[in-house]
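Morning, everyone. One protein chain today, and I'll keep it brief. Have a look at this.

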Amino acid sequence: MPLTGWVNISSRVLKLRQCLIRPSSPERRLYIARTGTRRIINEQALFEMLRAHGFEFIPDRPRTLSQQIELFGSASHIVSPHGAGLSNILWANENIKILELASSAYSPDYFVNLSSFLV
């Protein structure tokens with residue numbers, strides 16, 4: 001059920017997910033950091049709050065495809081500022097909890113649409 005203006009995601013993507021994702025019991029709580037223009041100004045304070053709830057700080061750096069699949073596949077919870085890195089939710093477990101941090105002035109529905117594919 002894509003949102004207005006979106007096209008259906010190809011069934012080939014589901015087949016790719018099935019081939020690349022290993023069955024697991026994801027337990028990690030991750031805060032995926034960002035650098036650049038969409039970073040969180042009070043990120044240290046935010047992360048200290050999240051750390052109290054068992055979150056790990058994941059720095060923004062290049063990763064191989066297999067590292068991205070492993071990282072997102074191991075997560076039960078993800079908190080992250082809006083950004084392209086969240087496209088890796090494609091590799092997440094269908095029961096994952098995701099909190100996308102976005103400005104009220106700029107909050108497109110890209111990842112809402114992508115996450116609907118996980119169901």
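Start with burial. The chain has 119 residues, and 34% of them count as buried. Keep in mind that this is a predicted model.

Now the layout. There are four helices and four strands. Reading from the N terminus, the order is α-β-α-β-α-β-β-α.

What share of the contacts joins residues 24 or more positions apart? Taking contacts with a separation of 6 or more, the answer is 67%.

The largest nonpolar core has 14 residues. Which of them have the most contacts inside it? Leu30, Ile32, Leu71, Phe72 and Ile78. H3 supplies the largest share, with three residues.

Let's zoom in on Leu30. Leave aside residues up to four places away in sequence. Which partners does Leu30 touch then? Leu71 and Ile78 are on the list, and both are also among the core residues with the most contacts. Leu30 also touches Phe55, Glu56 and Ile58. Ala75, His77 and Val79 complete its set.

There is another core, apart from that one. How many residues does this other core have? Eight, among them Ala33, Ile40, Leu50 and Val79. Note Val79: Leu30 touches this residue, yet Val79 belongs to the eight-residue core.

That's the tour. Over to you for questions.

Conventions: Residues are numbered from 1 along each chain as its sequence is written. This is a predicted model: local features need pLDDT of at least 70, side-chain atom pairs count only at pLDDT 80 or more; totals for chains, interfaces and linings use all residues. Side-chain values use heavy atoms; hydrogens and water are left out. Helices (H or I, at least four residues) and strands (E, at least two) are DSSP runs, numbered from the N terminus. Buried means under 20% relative accessible area, exposed over 50%, partly exposed in between (1.4 Å probe, protein chains only). Contact means heavy atoms within 4.5 Å. A nonpolar core is a set of buried Ala, Val, Leu, Ile, Met, Phe, Trp, Tyr and Cys residues joined through side-chain atoms within 4.5 Å.
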